Amino acid sequence: MTSIQAVAAGHSTSGPGPLPAIIGLAVIVLLVATRTRGTPLRAPKLIILPAVVLIIGGLAAAATAASTKPHLHPLDAVIIVVVVALSLTLGIARGVSVRIYRQDGSAWYRYGGATGALWALSIGLRFALGA
């Protein structure tokens with residue numbers, strides 16, 4: 001049954017629709033555009049946002065674990081270890097590929113082609129592994 005048929009039959013369609021994907025794509029395009037042009041390097045911005053994301057992710061994981069009784073199969077544990085190892089490796093490689101330079105008396109950073117390629121590879125691998 002197509003989504004049009006489901007609506008016509010009085011059933012609701014599943015999913016939030018295309019809006020979240022469109023918003024996500026717009027954010028990605030904006031980030032890539034600003035980072036490839038170059039951006040002033042500000043330590044608080046580079047530390048605070050990752051810390052906030054880490055805290056939110058940790059709280060969400062803790063809430064999920066508390067509300068369910070998670071049971072990891074050995075394959076699940078292997079996939080988690082592989083995804084974490086790949087993420088760390090690609091994250092370090094992306095960090096090394098970022099160009100840091102001096103402009104107007106302050107430090108700036110710019111993503112290069114290698115940074116973008118590593119970022120795309122990282123996202124692709126996460127999708128491929130279902131993480």
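Helices H4 and H5 lie roughly antiparallel to each other in this predicted model. This follows from the geometry of the pair: the axes of H4 (residues 74-97) and H5 (residues 113-129) cross at roughly 170°, and angles over 145 degrees are therefore classed as roughly antiparallel. The two axes come within 9 Å. Angle and axis distance are quoted together here because two packed helices are described by both.

On the H4 side, Ile 79, Val 82, Val 83, Leu 86, Ser 87, Leu 90, Ala 93, Arg 94 and Ser 97 take part. Their partners on the H5 side are Ala 114, Thr 115, Leu 118, Trp 119, Leu 121, Ser 122, Leu 125, Arg 126 and Leu 129. Sorted by class, the contact of H4 with H5 comprises twelve nonpolar, four polar and two charged residues.

The chain holds five helices and three strands, arranged along the sequence as α-α-β-α-α-β-β-α. Of the 131 residues in the chain, 9% are buried. Among contacts with a sequence separation of 6 or more, 63% are between residues 24 or more positions apart.

One such residue pair is worth a visit. Arg 35, in helix H2 (residues 19-37), and Arg 110 are 75 residues apart along the chain, yet their C-alpha atoms are separated by 5.4 Å. Leaving aside residues up to four places away in sequence, Arg 35 touches Lys 45, Tyr 109, Arg 110 and Tyr 111. The relative accessible area of Arg 35 is 16%, and the limit for a buried residue is under 20%, so Arg 35 counts as buried. Despite being buried, Arg 35 has no salt bridge. The nearest side chain of opposite charge belongs to Asp 104 and is 17 Å away, whereas a salt bridge requires a side-chain nitrogen of Lys or Arg within 4 Å of a carboxyl oxygen of Asp or Glu.

With a relative accessibility of 72%, Asp 104 counts as exposed, while Arg 35 is buried. The backbone of Asp 104 also draws attention: phi is near 55°, a positive value in a residue other than glycine. Most residues other than glycine have a negative phi.

Methods. Residues are numbered from 1 along each chain as its sequence is written. This is a predicted model: local features need pLDDT of at least 70, side-chain atom pairs count only at pLDDT 80 or more; totals for chains, interfaces and linings use all residues. Side-chain values use heavy atoms; hydrogens and water are left out. Axes are lines fitted to C-alpha atoms, for helices over the stretch in contact, and angles run from 0 to 180 degrees between N-to-C directions. Helices (H or I, at least four residues) and strands (E, at least two) are DSSP runs, numbered from the N terminus. Angles under 35 degrees count as roughly parallel, over 145 as roughly antiparallel, 65 to 115 as roughly perpendicular and the rest as oblique. Contact means heavy atoms within 4.5 Å. Ala, Val, Leu, Ile, Met, Phe, Trp, Tyr, Cys and Pro count as nonpolar, Asp, Glu, Lys and Arg as charged, and the others, Gly among them, as polar. Buried means under 20% relative accessible area, exposed over 50%, partly exposed in between (1.4 Å probe, protein chains only). Lys and Arg count as positive and Asp and Glu as negative; His and the chain ends are not counted.
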